[in-house]
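Hello,

Here is the structure I promised to pass along. Have a look at it first, and then read on for what I found.

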Amino acid sequence: MIFESIKKRIKKASEIMNLSDREISVLLEHRQINNSILNLTGREYPAWRIIHNNSLGPGKGGIRFHKDVDEDEVKALSFWMSIKNSLVGLPYGGAKGGIRINPKELSENEIEKISREYIRKFHENLGENKDIPAPDVYTNERIMAWMLDEYEKINNKKEPAMITGKPLSLGGISLRKDATSRGGFIILKNFLEKMNKSKKLKTAIQGFGNAGMNIAKMMYDEGFDIVAVSDSKGGIYGKLDIEEIIRKKQQGGKVEDYEKKVNKITNQEILELDVDILILAALENQITKDNAEKIKARYIVELANGPINPEADEILIKNNITVLPDILANSGGVVVSYFEWSQNKTGNILEEDFLKSKFEKIMIGNFNKVYELSKEKKLDLRNSCYIIAIKRILEAEKARGSL
Ligand code: NAD
């Protein structure tokens, strides 16, 4: 149960911050839990849209299509969005959605139908000032476009800011495509600078979708030694030509289709390789108390949400392994979503160069804030992130008179 593990993280942060029981219960409360059953040619698919805390602004968070999604997972993901949006200073609360469906088994036409059905079920709770979805695992700009179109048809008005991660033609922005990876990479580079480390470090990347593939390309281009990558089918280890692997993936293949001489490894083995940096860019709960002792990487970047659970946190800290936590390392996506949303709301289109430098400033500023607090309080980076984020949420709750 992922949400149970979140409670442990809040408990830890609340001890450091000396929070009252009332403050803790406000932090653990979900404001809106909507669920429904979507029908597609006689089959039924459970679906959710959940807002965790919205004291800072409208809900914001992606929609995931995955065969294992359940309410507990969407609750956890919406919680992380509250913490992330608060940490990085955005005017948003946290939300998330999901459909328990295996998109790999559906045609494009069926995916369009289910995406539109999702909006028909949840549209009353969505909107640019209520709750703003975006892509997540196995959803993309095409799906965002169908969802926006359905929403606008139901409401008989244009409202592009109701969803982000859209195609450029519908008000999306080009920075969005690799924003999560770009943000993670900026944070990693700044961290390595503080550690006085060169860039030739050996790196393994678990997950080779949007987040994993893009950071692989950025790191490869800057001279990092990427020795292993994996996707849901398995991984490869050896001398890798990342551009070639990306080409295979983009043609609909898997990383194992790479033809040069490499070793095949499993998704568990990739985690335990003797590397300097491990990038987690797949799904939750990859490092637990069962394998944490076997991790050899010195630095871990969580591009995925929740890939390390709290019991594993303790073990990694004990073994001197530094984790750049999800809520900071993967916050680039939502920062760019914020640019998209504000452009759509104001109609004021900003230049890409301006946005790029603003993006970099925000990512570095947030990293420095967290890093300095961790030094000052002698805390790991994750707890430092939680303290900054929780403080801002509780201030908003107090300002509203609800605390
Ligand atoms: P994606 O659907 O593009 O890619 C997911 C990748 O993970 C695929 O390559 C898939 O094959 C692989 N995968 C699935 N199960 C796996 C397993 N057990 N072991 C190894 N690989 C596995 O999704 P994405 O957008 O890249 O998201 C990946 C993670 O990053 C998710 O946790 C997501 O919540 C998080 N994230 C993504 C964004 C974004 O903007 N894309 C933003 C914030 C967080």
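How many salt bridges does the structure hold? There are 41 of them in this predicted model. As a reminder, side chains of opposite charge can pair when their charged atoms come close. I picked out a few for you.

Let me start with helix α1, residues 2–17, where Glu4 and Lys7 sit three residues apart, about one turn of the helix. These two form a salt bridge, with their closest N and O atoms 3.3 Å apart. Glu4 is partly exposed, at a relative accessible area of 42%, and Lys7 is partly exposed too, at 34%.

The side chain of Lys12 meets that of Glu314 in a salt bridge, at 3.8 Å from N to O. This pair ties together distant parts of the chain, since Lys12 lies in α1 and Glu314 in helix α9 (residues 310–318), 302 residues apart. Glu314 is partly exposed, with a relative accessible area of 46%, and Lys12 is partly exposed, with 31%.

Are Glu73 and Arg64 buried or exposed? Both are buried. They form a salt bridge as well, and their closest N and O atoms are 3.0 Å apart. Elsewhere, salt bridges with shared partners join Glu112, Arg116, Glu117, Arg120, Lys121, Asp149, Glu150 and Lys153 into one network.

Now for the helix packing. Helix α3 (residues 71–87) packs on helix α13 (residues 381–399) at an angle of about 85°, and their axes are 8 Å apart. Because of that angle, α3 is roughly perpendicular to α13. On the α3 side, the residues that meet α13 include Phe79, Trp80 and Ile83, while those on the α13 side include Tyr386, Ile390 and Arg392. By type, the residues of this contact divide into 10 nonpolar, three polar and one charged.

A second pair to look at is helix α6 (residues 179–194) with helix α12 (residues 352–377), whose axes come within 10 Å and cross at roughly 45°. The two helices are therefore oblique to each other, and α6 passes α12 in a right-handed crossing. Among the residues making the contact are Arg182, Ile186 and Phe191 of α6, along with Phe359, Met363 and Tyr371 of α12. Here the contact residues divide into nine nonpolar, three polar and three charged.

Best wishes

Notes
Residues numbered from 1 in each chain as written. Predicted model: local features only at pLDDT ≥ 70, side-chain atom pairs only at ≥ 80, totals over all residues. Heavy atoms only, no water. Axes fitted to C-alpha atoms, helices over the stretch in contact; angles between N-to-C directions. Helix = DSSP H or I, 4+ residues; strand = E, 2+ residues; numbered from the N terminus. Parallel < 35°, antiparallel > 145°, perpendicular 65-115°, else oblique. Left-handed = near helix turned anticlockwise from the far one by under 90°. Contact = heavy atoms within 4.5 Å. Nonpolar A, V, L, I, M, F, W, Y, C, P; charged D, E, K, R; others polar. Salt bridge = Lys/Arg side-chain N within 4 Å of Asp/Glu carboxyl O. Buried < 20%, exposed > 50% of the residue type's maximum accessible area, 1.4 Å probe, protein only.
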